[in-house]
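Open your viewer and get ready to click along. We'll go one selection at a time.

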Amino acid sequence: MSTTDVRVQVIDSHTAGEPTRVVLTGGPDLGTCSLSERRKRFRGTADDFRKMLIDEPRGNEAMVGALLCEPTDPECATGVIFFNNRGYLGMCGHGTIGVAVTLAYLKRIGPGSHKIETPVGIISVELHDAHSASIQNVPSYRLHAGITVDVPELGTVTGDVAWGGNWFFLTEAPLPLSPDRIPEITTAALRVRTALSEQGIFGTDGAEIDHVEFFAPAQSATANSRNFVLCPGGAYDRSPCGTGLSAKLACLAADGKLAPGERWVQESIIGSRFEGSYQGGTDGRILPRITGNAYIVSESQLIQQTGDPFGRGIPM
Ligand code: PYC
């Protein structure tokens with residue numbers, strides 16, 4: 001063993017099937033500035049760490065990393081910066097539920113309400129028990145309703161653009177949402193995403209719409225709808241996507257199809273589920289509440305040995 005080997009202590013969990021890797025020790029020191037500034041520093045000075053943690057052979061395309069950091073607001077239980085195989089996320093719903101369940105596993109928080117600081121604002125999380133938590137997400141809203149985009153092989157696609165902590169294009173699924181069709185569904189979603197950016201359709205301030213969300217009728221009688229979510233790095237979300245469900249709730253609220261406090265059960269492409277509801281916010285913004293379950297799957301130390309040709313992950 002070389003003394004210069006990099007060692008990182010992590011806990012892995014999954015929330016409704018979607019993995020979260022929480023970094024406990026060995027992550028980059030990003031200082032004590034705002035979380036959005038620390039996210040910039042992470043991108044600028046420690047991006048190799050993200051790749052080492054997320055890319056194969058230590059991670060996989062679906063993995064979301066969560067770097068715990070000191071919050072600037074002492075009322076917060078922790079600060080967190082989320083990242084994946086493509087880069088850095090504003091917020092992550094499944095990841096926050098995974099962080100809450102991980103902090104509970106470590107006995108750092110107990111049942112009840114806790115605040116968590118993210119680069120896009122402070123959110124609150126209510127831990128119900130060892131495996132279940134609800135998040136009160138950032139204010140979410142629909143930016144464009146019924147916008148059309150011309151997509152090769154699919155034709156004219158109509159959908160909404162909404163913010164739920166990340167940017168989403170939400171539209172009806174162009175093919176059945178069954179797990180055996182995931183490669184074709186992914187190709188269709190990638191085509192939609194490329195067409196959006198080529199046709200100049202963006203979020204606020206020209207932000208890239210990096211998530212595409214397809215909807216179809218639920219397969220379970222106790223869910224309202226089934227979705228498929230394309231994540232920025234090309235992987236699909238195994239969970240119903242917390243920020244994607246927040247964006248969906250904003251659209252349902254704007255269309256008058258879901259009242260404040262009413263429950264919406266969202267089923268994912270693999271059949272896992274989140275429950276959502278909202279309270280009215282201001283300026284047409286809603287305050288979404290998302291509930292889901294997470295389970296710990298491993299507690300381990302990742303090692304980057306000196307000389308490993310894939311020490312920084314396999315470029316994807
Ligand atoms: O649950 O918000 C979410 C999420 C974003 C990307 C993957 N999961």
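Which domains is the protein chain divided into? Colour residues 6-137 + 297-304 as domain 1 and residues 141-284 as domain 2; these bounds come from an automatic or database domain assignment. Before you click further, know that this is a predicted model, where local features need pLDDT of at least 70, side-chain atom pairs count only at pLDDT 80 or more, and totals for chains, interfaces and linings use all residues. Residues are numbered from 1 along each chain as its sequence is written.

**Stop 1: where the domains touch**

Taken over C-alpha atoms, the centres of domain 1 and domain 2 are 23 Å apart. Their contact takes 21 residues from domain 1 and 22 residues from domain 2. Two residues are in contact if their C-beta atoms, placed from the backbone, lie within 7 Å. On the domain 1 side, helix H3 (residues 93-105) gives the most, with four residues. Helices here are DSSP runs (H or I, at least four residues), as are strands (E, at least two), and both are numbered from the N terminus.

**Stop 2: helix H3**

Select residues 93-105. H3 is mostly covered, with twelve of its 13 residues buried. A residue is buried if 20 or more other C-beta atoms lie within 10 Å of its own, exposed if 12 or fewer, and partly exposed in between, with C-beta atoms placed from the backbone. The buried ones include His-94, Ile-97 and Leu-103. Now pick Ala-100: not counting residues up to four places away in sequence, Ala-100 touches Ile-109, Val-125, Leu-127 and Ala-133. After H3 comes Lys-107, with a positive phi near 65°.

**Stop 3: the largest nonpolar core**

Which residues touch the most other members of the largest nonpolar core? Show Ala-66, Val-80, Ala-100, Val-192 and Leu-249, out of 84 residues in this core. A nonpolar core is a set of buried Ala, Val, Leu, Ile, Met, Phe, Trp, Tyr and Cys residues joined through C-beta atoms within 7 Å. At least three residues come from each of domain 1 and domain 2, and helix H5 (residues 242-254) gives the most, with seven residues.

**Stop 4: helix H5**

Move to residues 242-254. H5 has twelve of its 13 residues buried, among them Lys-248, Leu-249 and Cys-251. Following H5 you'll find Gly-256, whose phi is positive, near 70°.

**Stop 5: helix H4**

Next, select residues 182-198, which form H4. Its buried residues are Ile-185, Ala-188, Ala-189, Val-192, Arg-193 and Leu-196. Why do they sit on the same side of H4? Because they cover an arc of only 140° around the axis, the arc being that of the directions from the helix axis to the C-beta atoms. Strands S9 (141-151), S10 (155-163), S11 (167-172), S12 (211-216) and S13 (225-230) are what the buried residues of H4 pack against.

**Stop 6: Tyr-236**

Finish in the loop between S13 and H5, where Tyr-236 has its place. Is Tyr-236 buried or exposed? Tyr-236 is buried, because 23 other C-beta atoms are within 10 Å. Leaving aside neighbours within four places in sequence, Tyr-236 is in contact with several residues, including Ile-182, Thr-186 and Ile-269.

Terms used: Expected span 1.5 Å × (residues − 1).
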